[in-house]
Amino acid sequence: MGRIVCFILIVFLASCGEQLMEKPKDLIPKDQMVAILKDLAVINAAKNTNVSILRKHNIEPTEYIFKKYNIDSARFVKSDTYYASLPSEYEAIYKEVEANLEKEKKVLQEANKISDSLKAIEMEKRRALKKKEPKKVKDSLP
């Protein structure tokens with residue numbers, strides 16, 4: 001019984017290493033795939049947050065991404081399917097996408113902090129100027 005389990009385990013592990021799909025001739029390179037998936041995540045978040053802005057500017061998110069990277073949907077699907085057939089490769093791609101999104105988030109948060117600080121300084125300056133302005137006294141003479 002132990003030999004059967006061991007044999008099944010070996011066959012299973014060997015099959016995990018097999019390439020399930022032939023590499024497409026026009027495969028999107030991994031680094032570009034990461035950039036595409038990151039942009040798709042950002043644009044889909046924007047679409048879910050405020051779709052009216054996209055409509056106002058007549059932007060169809062997926063079409064926009066395909067034009068930006070000069071690809072078509074068939075090439076994207078073939079490349080995505082190929083990478084998905086390699087689970088460790090696919091996982092690495094998505095981890096990189098996640099890391100890039102996290103970096104971008106931190107940059108935006110820092111920019112917001114700076115912007116908020118600058119606005120607070122500007123408001124404080126305005127308050128100080130208002131306090132320094134002499135009050136106008138109405139003349140009682142006509």
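In this predicted model, helix α2 (residues 30-49) packs with helix α4 (residues 61-68) at an angle of about 155 degrees, and their axes are 10 Å apart. Angles over 145 degrees count as roughly antiparallel, and α2 and α4 are therefore roughly antiparallel to each other. Their crossing is right-handed.

**Contact of α2 with α4**

- On the α2 side, the contact is made by Ile36, Asp39, Leu40, Ile43 and Lys47.
- Helix α4 contributes Pro61, Tyr64, Ile65 and Lys68 to this contact.
- Sorted by class, the contact of α2 with α4 comprises 6 nonpolar and 3 charged residues, with no polar ones.

- Ser79 is located in helix α5, which spans residues 73-84.
- The relative accessible area of Ser79 is 0%; buried means under 20%, so Ser79 is buried.
- Leaving aside residues up to four places away in sequence, Ser79 touches Asp26, Leu27, Ile28 and Met33.

**Confidence**

- The chain has a mean pLDDT of 80, and 79% of its residues reach 70 or more.
- Confidence is highest in α5, at a mean of 93, the helix that holds Ser79.
- Confidence is lowest in helix α1 (residues 2-16), where the mean is 48.

Definitions and conventions. Residues numbered from 1 in each chain as written. Predicted model: local features only at pLDDT ≥ 70, side-chain atom pairs only at ≥ 80, totals over all residues. Heavy atoms only, no water. Helix = DSSP H or I, 4+ residues; strand = E, 2+ residues; numbered from the N terminus. Buried < 20%, exposed > 50% of the residue type's maximum accessible area, 1.4 Å probe, protein only. Contact = heavy atoms within 4.5 Å. Axes fitted to C-alpha atoms, helices over the stretch in contact; angles between N-to-C directions. Parallel < 35°, antiparallel > 145°, perpendicular 65-115°, else oblique. Left-handed = near helix turned anticlockwise from the far one by under 90°. Nonpolar A, V, L, I, M, F, W, Y, C, P; charged D, E, K, R; others polar. pLDDT = per-residue confidence, 0-100.
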